[in-house]
Amino acid sequence: MKYKVNKEKCIGCGSCASICPFGAIKIGADGKAEIDKSKCNNCGKCKEVCPVGAIEEEEEDGNQNA
Ligand code: SF4
Ligand code: SF4
């Protein structure tokens, strides 16, 4: 499973970036979280901690529009 940030929902709290064991999340210039897929290990911790449910599962179909 891959994860992506729904920027419509993200409030930029930074909880996901803090919890990510692989340093794959940063808060971007738009104040929203961004997942670096080259670092992400798909552990799902970010999804667990997000208070607004902004981290969503993404199908692995090559359509990466995150
Ligand atoms: S799934 Fe795990 S490794 Fe990937 S961004 Fe979320 S916390 Fe980090
Ligand atoms: S935990 Fe959720 S709301 Fe907070 S920065 Fe991450 S994606 Fe955005």
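Around ligand 2 there are 14 residues, where a residue counts as near a molecule if its C-beta atom, placed from the backbone, lies within 6 Å of it. The closest of them are Cys 10, Cys 13, Cys 16, Ala 33 and Cys 50. This is a predicted model, in which local features need pLDDT of at least 70 and side-chain atom pairs count only at pLDDT 80 or more, while totals for chains, interfaces and linings use all residues. Residues are numbered from 1 along each chain as its sequence is written, and chains are lettered from A and ligands numbered from 1 in the order in which they are written.

**The two ligand shells**
- The shell around ligand 2 consists of eleven nonpolar residues, three polar ones and no charged ones, with Ala, Val, Leu, Ile, Met, Phe, Trp, Tyr, Cys and Pro counted as nonpolar, Asp, Glu, Lys and Arg as charged, and the others, Gly among them, as polar.
- Ligand 1 is surrounded by 14 residues, the closest being Cys 20, Cys 40, Cys 43, Lys 45 and Cys 46, and its shell has ten nonpolar, three polar and one charged residues.

**The fold of the chain**
- The chain has two helices and four strands, which follow the pattern β-α-β-β-α-β along the sequence; helices (H or I, at least four residues) and strands (E, at least two) are DSSP runs, numbered from the N terminus.

**Glu 59**
- Glu 59, in the segment after β4 (55–58), is exposed because it has 9 other C-beta atoms within 10 Å, the cut-off for exposed being 12 or fewer, with C-beta atoms placed from the backbone.
- Although Glu 59 and Lys 2 are 57 residues apart in sequence, they are 6.8 Å apart in space, C-alpha to C-alpha.

Conventions
Buried ≥ 20, exposed ≤ 12 C-beta atoms within 10 Å, placed from the backbone.
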